Amino acid sequence: MTHDGAAVFPQATYRAHRADWEYFVTGDNAQPSAVDKLTPLGSRLELFDADFTVAPGVDALHVPGHTPGSTVYVVSSGGRRAVLLGDVVHSVVQFSERDWEVVWDVDPAAASAVRNRIADRAADGDDLLVAAHFPGMRFGRVVVGDGDRSFVAV
């Protein structure tokens with residue numbers, strides 16, 4: 001977002017969930033690297049507190065757990081949806097193992113519950129999932145076979 005103390009895209013509007021901003025930048029747990037990297041956004045930054053429509057067909061959904069302000073983005077058109085998972089999921093195992101919690105989640109139980117809700121909805125419907133942390137930034141679907149969920153790249 002910034003490089004050498006300046007916004008990479010100086011005309012862009014940058015958005016962050018207020019809970020993440022407070023946790024990582026201004027709160028008691030502020031991380032110096034986040035403060036250095038994000039504070040220069042200044043007036044280009046807009047904080048949000050709730051789900052909202054970024055643009056027609058693009059919705060931001062607050063899904064706390066991995067971090068207090070974790071957000072997924074849903075791109076939709078004609079009844080079809082793609083869910084951009086961001087940092088909510090880091091491994092395919094997180095879809096197949098319902099009770100799996102990981103150490104890098106701020107609230108492991110909440111993060112696991114979020115992943116399970118996303119995976120269950122995807123398995124019950126036709127949502128395309130976009131996993132930034134999977135090898136090759138995979139697009140895929142969650143399928144259920146023999147009672148087990150798994151992520152299948154498309």
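How many residues line the largest pocket, and which of them lie nearest its centre? In this predicted model, the lining of the largest pocket is made up of 30 residues, and Met-1, Arg-15, Ala-16, Asp-20 and Asp-87 are the ones that lie nearest its centre. The elements that contribute two or more residues to that lining are strand S3 (14-17), helix H1 (18-26), helix H2 (32-38), strand S4 (45-48), strand S5 (52-55) and strand S7. The space in the largest pocket comes to about 770 Å³.

**Nonpolar cores**

The largest nonpolar core comprises 17 residues, and within it Leu-85, Val-88, Phe-95, Ile-118 and Leu-129 have the most contacts. Leaving aside residues up to four places away in sequence, Ile-118 touches Val-72, Leu-85, Val-88 and Leu-129. Apart from this core lies another one, of 10 residues, which includes Tyr-14, Trp-21, Ala-34 and Leu-45.

**Aromatic pairs**

| Pair | Distance between ring centres | Angle between planes | Arrangement |
|---|---|---|---|
| Phe-95 and Phe-151 | 6.0 Å | 20° | stacked |
| Phe-134 and Phe-151 | 4.9 Å | 90° | edge-to-face |

Phe-95 belongs to helix H3 (residues 93-96) and Phe-151 to strand S11 (residues 148-153), so their pairing ties together parts that are 56 residues apart in sequence. Phe-134, for its part, sits in the loop between strand S9 (128-130) and strand S10 (139-145), while Phe-151 is in strand S11, so this pair ties together parts that are 17 residues apart in sequence. Phe-95 and Phe-151 are both buried, and Phe-134 is buried as well. Taken together, Phe-95, Phe-134 and Phe-151 form one aromatic cluster, and Phe-95 is also one of the residues with the most contacts inside the largest nonpolar core.

**Gln-94**

A polar atom of the Gln-94 side chain lies 2.9 Å from the backbone nitrogen of Ser-91. When residues up to four places away in sequence are not counted, Gln-94 touches Val-89, Trp-100, Val-102, Arg-115 and Arg-149.

**Thr-13**

Thr-13 is found in the loop between strand S2 (6-7) and strand S3, and with a relative accessible area of 37% this residue is partly exposed. Not counting residues up to four places away in sequence, Thr-13 touches Arg-44 and Glu-46. The C-alpha atom of Thr-13 is separated by 19 Å from that of Gly-86, a residue 73 residues apart from Thr-13 along the chain.

Methods
Residues numbered from 1 in each chain as written. Predicted model: local features only at pLDDT ≥ 70, side-chain atom pairs only at ≥ 80, totals over all residues. Heavy atoms only, no water. Core = buried A, V, L, I, M, F, W, Y, C linked by side-chain atoms within 4.5 Å. Buried < 20%, exposed > 50% of the residue type's maximum accessible area, 1.4 Å probe, protein only. Contact = heavy atoms within 4.5 Å. Phe/Tyr/Trp six-rings, centres within 6.5 Å; stacked < 30°, edge-to-face > 60°. Helix = DSSP H or I, 4+ residues; strand = E, 2+ residues; numbered from the N terminus. Polar contact = N/O pair within 3.5 Å; in protein donor to acceptor, adjacent residues only side chain to side chain. 1 Å grid on protein atoms, 1.4 Å probe; cavity = no way out; pocket = protein on both sides within 12 Å on 5 of 7 lines; lining within 4 Å. Points joined across faces, edges and corners; volume = space filled by probe spheres on them.
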